[in-house]
Amino acid sequence: MWLVFMGLVVALLAFDLGVLHKDDHEIGVAESLKLSVMYLSLGFLFAGFIYWQMDSEATAQYLTAFVVEKTLAMDNIFLIAMIFAFFSIPREYQHRVLFWGILGVIILRGIMIGLGATIVEQYNWVLYIFAVFLILTGIKMLFMADKEQKIEENGLIRFLKRHLNVTNELHGNRFVIRKQDPSTGKLRRYATPLLLALIMIEIADLVFAVDSVPAVFTITTDPYIVYTSNIFAILGLRALYFALDAILHRFAYLKYALSVLLVFIGSKIFIAWAMGWEKFPPEWSLSITFVILGAGVVYSLWRTGSKQQT
């Protein structure tokens, strides 16, 4: 099962970079929508493979985890848009940054999930810590949803510019260049804004993983389901970004639904304990997740649509 999954991921990445985006170009809405549908369909079709190899309970857990990861990634998309705008990255180079960013994420998430699975297997009570953390995070998000994030105030950007030789301008699609140092006359390596954007996106995903990985572990502790749901959700993140970039403002209120979702996911383990269940029913979890997210999407579209009319 691991070989099938990894083979599929490698094939998708090779097809994406070697065929679809062999040359840098601006990805339009039509292309990004087609890619989004393709990745979304593959994510849901993989549930059929899990049902074939495992059972209906594992399938419901995978689908819940996949939907949760996909929607939590929406917050990541907002931040990616801000990073690209701050560094003035043209659309034709954004896919290159996101491709290498996703590659890094696949490795980093694998390490985090591997460590998490080992800890949970040895110390099952850690799940209750994850649950409390998610509830507190959801409550914090609920009160912080209206506050605007300012990339220019980020300490990491100041740190990178202070410790790296950075060019003020882009040099095509290159992350690093060699050019003459004005003070010494010697050739030195310089990072371009493209590399800074890539580093910021990688760090942003690590921050989001602190929320999303524990969220999936409270749904299931099976490393295969945790990792596959994470990666399938992330693989389509680039296409989803290009599809939603122009209409992100229409989902301004989705953050409130994400906050409620985190509180719900965190509380499931306590509800199951209080009711004397072995675990919260996966089918209920999937249904409630869809209801919360559906309500968030509908409310966002209604509120932003009414504001446009006025």
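**Entry 1: the H4/H8 pair**

I began with helices H4 and H8, which are roughly antiparallel to each other, a label that I apply to angles over 145 degrees, while angles under 35 degrees count as roughly parallel, 65 to 115 as roughly perpendicular and the rest as oblique. I was working on a predicted model, in which local features need pLDDT of at least 70 and side-chain atom pairs count only at pLDDT 80 or more, whereas totals for chains, interfaces and linings use all residues. Residues are numbered from 1 along each chain as its sequence is written, and side-chain values use heavy atoms, with hydrogens and water left out.

I noted that H4 covers residues 91-122 and H8 covers residues 223-235, and that the two pack at an angle of about 160° with their axes 10 Å apart. The axes are lines fitted to C-alpha atoms, for helices over the stretch in contact, and the angles run from 0 to 180 degrees between N-to-C directions. Helices here are DSSP runs of H or I with at least four residues, strands are runs of E with at least two, and both are numbered from the N terminus.

On the H4 side I listed Ile102, Val105, Ile106, Arg109, Gly110, Ile113 and Ala117, which meet Pro223, Val226, Tyr227, Asn230, Ile231, Ile234 and Leu235 of H8; contact means heavy atoms within 4.5 Å. I counted these residues by class as eleven nonpolar, two polar and one charged, taking Ala, Val, Leu, Ile, Met, Phe, Trp, Tyr, Cys and Pro as nonpolar, Asp, Glu, Lys and Arg as charged, and the others, Gly among them, as polar.

**Entry 2: H8 by itself**

How many of the 13 residues of H8 are buried? I found twelve, so H8 is largely enclosed by the rest of the structure; buried means under 20% relative accessible area, exposed over 50% and partly exposed in between, with a 1.4 Å probe and protein chains only. Among the buried residues of H8 I noted Tyr224, Thr228, Ser229, Phe232 and Ala233.

I also checked the length of H8, whose 13 residues should span 18 Å at 1.5 Å a residue, and the end C-alpha atoms are 18 Å apart, which agrees. The expected span is 1.5 Å times one less than the number of residues.

I placed Val216 in helix H7, residues 193-217, and it counts as buried at 0% relative accessibility. Leaving aside neighbours within four places in sequence, I found Val216 in contact with Ala65, Glu69, Val226, Ser229 and Asn230. The C-alpha atoms of Val216 and Ile265 are separated by 8.6 Å, although these residues are 49 residues apart along the chain.

Thr218 is in the loop between H7 and H8 and is also buried, at 14% relative accessibility. Not counting residues up to four places away in sequence, I saw that Thr218 touches Leu127, Phe130, Ala131, Leu134, Ile265 and Lys268.

**Entry 3: Ser88**

I stopped at Ser88, which has a positive phi of about 55° although it is not a glycine. Most residues other than glycine have a negative phi. Ser88 is placed in the loop between helix H3 (56-86) and H4, and is exposed, with a relative accessible area of 54%.

I found Phe133 in helix H5, residues 126-144, partly exposed at 32% relative accessibility, with its C-alpha atom 8.4 Å from that of Pro214, 81 residues apart along the chain. Tyr93 lies in H4 and is buried, with a relative accessible area of 18%.

**Entry 4: the whole chain**
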